[in-house]
Amino acid sequence: MKVYITREIPEEGLTIAQTAAEIEVWPGELPPTREQLAERVRDVDGLLCLLTDAIDGWLLDQAPKLRVVSQLAVGYDNIDVAACTARGIKVGNTPGVLTETTADLAFALLLAAARRLPEGDRVVRNGGWHTWSPLFLAGRDVHHAVLGIIGMGRIGYEVARRASGFQMQVLYADAQPNAQAERDFGARLVTMDALLENSDFVTLHTPLLPATTHLIGERELALMKPTAVLVNTSRGPVVDQRALYKALVEGTIAAAGLDVFEHEPLSANDPLTQLDNVVLLPHIGSASIATRTRMAVIAAENLVAGLRGEPLPCPVN
Ligand code: GLV
C-alpha cells in the first residue's frame, strides 16, 4: 500500500506509518499546491495531511484508491468530511494529546497581552528603558479577574483549570453545559452576550464551523469592556479580523492575543502588526516537541488502522 505525507513529521510517526505502507513525504518547507498534491495522491491508499492542505471533493476525485485521510491536528476544517464519507474514506484527527499544551499557550497569550510582555521586550531591545517609573508599561491584573471561555470543551476546561490557579472567576458559553467545569472550577454557564459584557478576558475554544465563523464581530466586540482582552487560539475566522483591528485601534477593547488568523501566514505588512496592543503568534498552540511527537504517533496510528480496514483510534466520521 502507498501513503502520501504532506510534510516532514516527527520520526516516531514515520516509523509507525512504515509498518503498513510505502511512504512518500513532501520535502518542501511550504505546503504542496493543490495541483502538486493532486499529482501525488493519484495512486495512494492513505493520506496524512496538515491543516494547511485543502482536502475537498476535487482532490478526493484525483485519488480513486484513497481509503483514509489522517489529519495531524485536532481541528479539521480544511477537510470536507462529508465528501470523504460519501466516498467511503475514513477521516481521523489528533484530539486529547494537545489539550494541555494548547491551554498553556492560550494562558501564555492571555498573560503576555495583559502584562504587555512583548512590548516590554521590544522596549529593552530598542534602548527605550531609561528608568523605573510608576506607570511604565503598566498592564492589567490577571489574578482575580473574570475570564470568559467560549467553548468549554477539552481545551476550554484546561484553560479554566489554569485560571483557577490565578483565582479567576470563570464564565463560559457553550451549547452544552459542562458539569465538570462547574464542579471543579466553579465555572458559570451564561449567554454569549453576558459573557462578553462581564469578562475581563475572553478566550475562544470553539471549532471552526459555519455557526462559529465571525462569532466575534463588531457587535460582540462592542459588548466587551473597553479594558477587556481577547485571546484566540482556535481558528482565525472565528473572529472578524477587520472588526478586531478597528476595535483595537479605537479602544473598543484594550488588547488581544492571537495565535490564529483569517489568512495564514499573516503578512508582515498586515495592519495588525503596527499595533502595540496585540500579541501575534504564528499558530503554535500545540507546538511543544513532546506534543507534536504524540500527534504524529496518533496520526500515523489512524492512518495504519484506516489502511487495514480497522476502526481508527481517533475517528472523525
Ligand atoms: C491546530 O491548530 C490543531 O487544530 O491541532
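Colleague: Which side chain does Asp-77 meet in a salt bridge?

Modeller: This is a predicted model, where local features need pLDDT of at least 70, side-chain atom pairs count only at pLDDT 80 or more, and totals for chains, interfaces and linings use all residues. Residues are numbered from 1 along each chain as its sequence is written, and side-chain values use heavy atoms, with hydrogens and water left out. A salt bridge here is a Lys or Arg side-chain nitrogen within 4 Å of an Asp or Glu carboxyl oxygen. At 2.9 Å, N to O, the partner of Asp-77 is Arg-235.

Colleague: How many salt bridges are counted between domain 1 and domain 2?

Modeller: Domain 1 covers 2-96 + 289-307 and domain 2 covers 99-280, with bounds from an automatic or database domain assignment. Their C-alpha centres lie 31 Å apart. The salt bridge count between them is 1.

Colleague: What area do domain 1 and domain 2 bury between them?

Modeller: Buried area is the accessible area (1.4 Å probe) that two parts lose on being put together, summed over both. Carbon and sulfur atoms take 44% of it, and the total is about 550 Å².

Colleague: Which residues in domain 1 lose the most area to domain 2?

Modeller: Three of them together make up 64% of what that side buries. They're Asp-77, Gly-96 and Thr-291.
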